[in-house]
Amino acid sequence: MQELSEVGLRTITQLFNSILRTGYFLGQWKVYQVIPILKPGKPAEEAQSYRPISLLPVLSKLFKKLLITRIQPTLQDKQIIPDHQFGFWQKHATTEQVHSIVNIIHDAQESNQYCTVAFLDISQAFDKVRQKGLLYKIKAIFLDSIYKILQLYLQNRYFLIKYREAYTSLHPVSSGIPQGSVLGPLLYLLYTADLPAMAATFADDIAVLAAHADPVITTYTLQTALLEIQQWLKKMVYESQ
């Protein structure tokens, strides 16, 4: 891409501008190749031991990077991404989130309070995103032109799996967002932005904390928060499976 001539770059620019103007997302850009990567220490004979990474056309990845630059100002102005979310967000990293959790625990100790914490991880989080629910939230945030592009991007997608030198046939995708996509992480943040009772999150990793001088109240507060999260997951994730 960097070695293209001025004519080639001008042609790509015209293509990208046409997509933004018409809201049409190319069908060829919605076919992705899935490469299963074995997780460290997991048995190779079990399917759940592999992390699916989606390989998408280079032009589509470039366009989605540019699209994100159009999306981010709206998200910042409307404060869509909650402050407790540190994953996939500019100027946020794991280290800062760890510091915030440690500070909460330290403050509780300094005040002679009991501090309880529950650490949660959503299994196969990207695969469990409901397209209809995500599109409903997107429509409430963005202008119709951006919504239409994202709608066409999510709908009528197909994938095939490559393992070593073998390929599967094409299969339709009815739920989830591509893991490995440039746009996928941001869409996941939009989908989970209203996850309740949060203290600290990093992508799909969740830490729920409660502190109080009375251990009974601390336990009750934590349990209440966990029940709220359970209800959200039941509504937004598991009922769609």
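I shall take the overall chain, then the strand pairing, and finally the charged side chains.

Please note that this is a predicted model, in which local features need pLDDT of at least 70 and side-chain atom pairs count only at pLDDT 80 or more, while totals for chains, interfaces and linings use all residues. Residues are numbered from 1 along each chain as its sequence is written, and side-chain values use heavy atoms, with hydrogens and water left out.

The protein chain has 7 helices and 8 strands; these are DSSP runs numbered from the N terminus, with helices being H or I of at least four residues and strands E of at least two. Its C-alpha trace spans about 70 × 45 × 35 Å along the principal axes. Of its 241 residues, 37% count as buried, a class that means under 20% relative accessible area, with exposed over 50% and partly exposed in between, for a 1.4 Å probe and protein chains only. Among contacts (heavy atoms within 4.5 Å) with a separation of 6 or more, residues 24 or more positions apart account for 69%.

I turn to the strands. Two strands pair if DSSP finds at least two bridges between them. Strand 1 (residues 31-38) runs parallel to strand 4 (residues 157-163), joined by 4 bridges, and Tyr 32 stands opposite Phe 159 of strand 4. Strand 1 also pairs with strand 2 (residues 50-55), here in the antiparallel sense and over 6 bridges; Pro 36 stands opposite Pro 52 there.

An open sheet of 3 strands has the order 3-8-7, with antiparallel pairing. Why is one side of strand 3 and of strand 7 left without a neighbour in the sheet? Strand 3 (114-121) and strand 7 (200-202) stand at the edges, and each has a single partner strand. On average, neighbouring strands of this sheet are turned by 10° against each other, direction ignored. Between strand 7 and strand 8 (residues 205-212) there are 3 bridges, and Ala 200 faces Ala 207 of strand 8. Helix 3 (residues 94-110) lies across strands 3, 7 and 8, at about 15° to strand 8. For such angles, axes are lines fitted to C-alpha atoms, for helices over the stretch in contact, and values run from 0 to 180 degrees between N-to-C directions.

Now to the charged side chains. How many salt bridges does the structure hold? There are 2, where a salt bridge is a side-chain nitrogen of Lys or Arg within 4 Å of a carboxyl oxygen of Asp or Glu. One joins Arg 10 and Glu 6 at 2.9 Å, N to O. These residues are 4 apart in helix 1 (residues 6-22), about one helical turn. Arg 10 is partly exposed at 40% relative accessible area, whereas Glu 6 is exposed at 59%.

Asp 194 and Lys 137 also meet in a salt bridge, at 2.9 Å, N to O. Asp 194 lies in the loop between helix 6 (184-191) and strand 7, and Lys 137 in helix 4 (residues 131-141), so the pair ties together parts 57 residues apart in sequence. Asp 194 is partly exposed at 43%, but Lys 137 is buried at 15%.

Lastly, consider Lys 128, in the loop between strand 3 and helix 4. Lys 128 is buried yet has no salt bridge, and the nearest side chain of opposite charge, Asp 127, is 6.8 Å away. In this count, Lys and Arg are positive and Asp and Glu negative, with His and the chain ends not counted. The side chain of Lys 128 does reach the backbone oxygen of Ser 123, at 2.8 Å.

Key. A polar contact is a pair of N or O atoms within 3.5 Å; within protein, one must be able to donate a hydrogen and the other to accept it, and residues adjacent in sequence count only if both atoms are side-chain atoms.
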